[in-house]
Amino acid sequence: MSQIASPTPASSPLMAPSLTRRMACWLYEGMLMFGVVFIAGYLFSTLTQTRNALDNRHLQQAFLFVVFGIYFTWFWAKGQTLAMKTWDIRVVDAQGKALTQARALWRYVLSWLWLLPPLALGGLYGLPGGELTVIVMGWVLVWALLSRFHTQRQFLHDALAGTRLVHHKQPEGPKRRRSAVSAPTP
């Protein structure tokens with residue numbers, strides 16, 4: 001008599017997306033953030049009457065940190081950013097429930113572990129842009145590959161925040177019906 005196999009993690013409703021999909025989503029999110037940076041930078045420059053990009057640089061960076069925090073906290077508490085919707089990824093808490101604003105904010109703060117350590121190293125040693133780029137890209141690669149060692153294939157900042165990325169296919173809405181009457185031809 002054959003035994004019924006227990007469900008595998010692949011059949012779990014909280015299955016983690018592949019690393020390739022998560023990193024593609026991450027890159028797409030970065031491209032979308034150009035628009036957020038542009039609008040926020042324009043708003044900051046207009047409000048502070050900044051004429052040179054290097055004037056008020058640290059204040060502008062702090063402003064962008066807050067704007068990014070609002071953007072990500074808002075969308076993560078709703079479950080997905082636009083990039084996450086595109087790649088069928090959703091962020092949930094450890095039990096699979098929607099994030100609270102506080103947990104989404106904590107995830108945002110911890111997500112800076114993707115970039116702050118190599119940027120701090122670059123600032124500490126005054127590394128030129130090319131070397132800093134290589135170090136940041138290497139750090140991101142190592143950070144991403146570390147998810148392979150997590151039991152649920154989650155990134156370290158997600159494990160620390162008590163969140164997880166899961167595969168989430170949006171239900172398809174009703175399909176439009178074509179009109180029975182065809183359009184006249186010229």
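**Figure 1. Met-23 and its contacts.** Leaving aside neighbours within four places in sequence, Met-23 is in contact (heavy atoms within 4.5 Å) with Trp-114, Val-140, Ala-144 and Phe-155. This is a predicted model, where local features need pLDDT of at least 70 and side-chain atom pairs count only at pLDDT 80 or more, while totals for chains, interfaces and linings use all residues. Residues are numbered from 1 along each chain as its sequence is written, and side-chain values use heavy atoms, with hydrogens and water left out.

**Figure 2. The largest nonpolar core.** A nonpolar core is a set of buried Ala, Val, Leu, Ile, Met, Phe, Trp, Tyr and Cys residues joined through side-chain atoms within 4.5 Å. Buried means under 20% relative accessible area, exposed over 50%, and partly exposed in between, with a 1.4 Å probe and protein chains only. The largest such core holds 29 residues. Met-23, Phe-68, Phe-72, Trp-76, Met-84, Trp-114 and Phe-155 touch the most other members. Two or more residues come from each of helix H1 (19-48), helix H2 (57-78), helix H3 (82-86), strand E1 (89-93), helix H4 (101-111) and helix H6 (129-145). Helices (H or I, at least four residues) and strands (E, at least two) are DSSP runs, numbered from the N terminus. H2 gives the most to this core: seven residues.

**Figure 3. H1 against H6.** The axes of these two helices come within 11 Å and cross at roughly 140°. Axes are lines fitted to C-alpha atoms, for helices over the stretch in contact, and angles run from 0 to 180 degrees between N-to-C directions. H1 and H6 are therefore oblique to each other. Angles under 35 degrees count as roughly parallel, over 145 as roughly antiparallel, 65 to 115 as roughly perpendicular, and the rest as oblique. The crossing of H1 and H6 is right-handed. A crossing is right-handed if the near helix is turned clockwise from the far one by less than a right angle, and left-handed if anticlockwise. Leu-19, Met-23 and Trp-26 of H1 meet Val-140, Ala-144 and Leu-145 of H6. By class, this contact has six nonpolar, no polar and no charged residues. Ala, Val, Leu, Ile, Met, Phe, Trp, Tyr, Cys and Pro count as nonpolar, Asp, Glu, Lys and Arg as charged, and the others, Gly among them, as polar.

**Figure 4. H2 against H4.** Here the axes come within 8 Å and cross at roughly 130°. H2 and H4 are therefore oblique to each other. Their crossing is right-handed. H2 brings Phe-65, Phe-68, Gly-69, Phe-72, Thr-73, Trp-76 and Ala-77 to the contact, and H4 brings Gln-101, Ala-104, Leu-105, Arg-107, Tyr-108 and Ser-111. The contact of H2 with H4 has eight nonpolar, four polar and one charged residues.

**Figure 5. Leu-99 in its loop.** Leu-99 sits in the loop between E1 and H4. Leu-99 is buried, with a relative accessible area of 6%. Not counting residues up to four places away in sequence, Leu-99 touches Trp-76, Ala-77, Val-91, Val-92, Asp-93, Ala-104, Arg-107 and Thr-163. Gly-79 is 20 residues from Leu-99 in sequence, and 7.1 Å away in space, C-alpha to C-alpha.

Figure 6. Asp-88 is not a glycine, yet has a positive phi of about 55°. Asp-88 lies in the loop between H3 and E1. With 16% relative accessibility, Asp-88 counts as buried. Arg-153 is not a glycine either, and has a positive phi of about 60°. Arg-153 is found in the loop between H6 and helix H7 (156-161). Arg-153 is partly exposed, with a relative accessible area of 39%.
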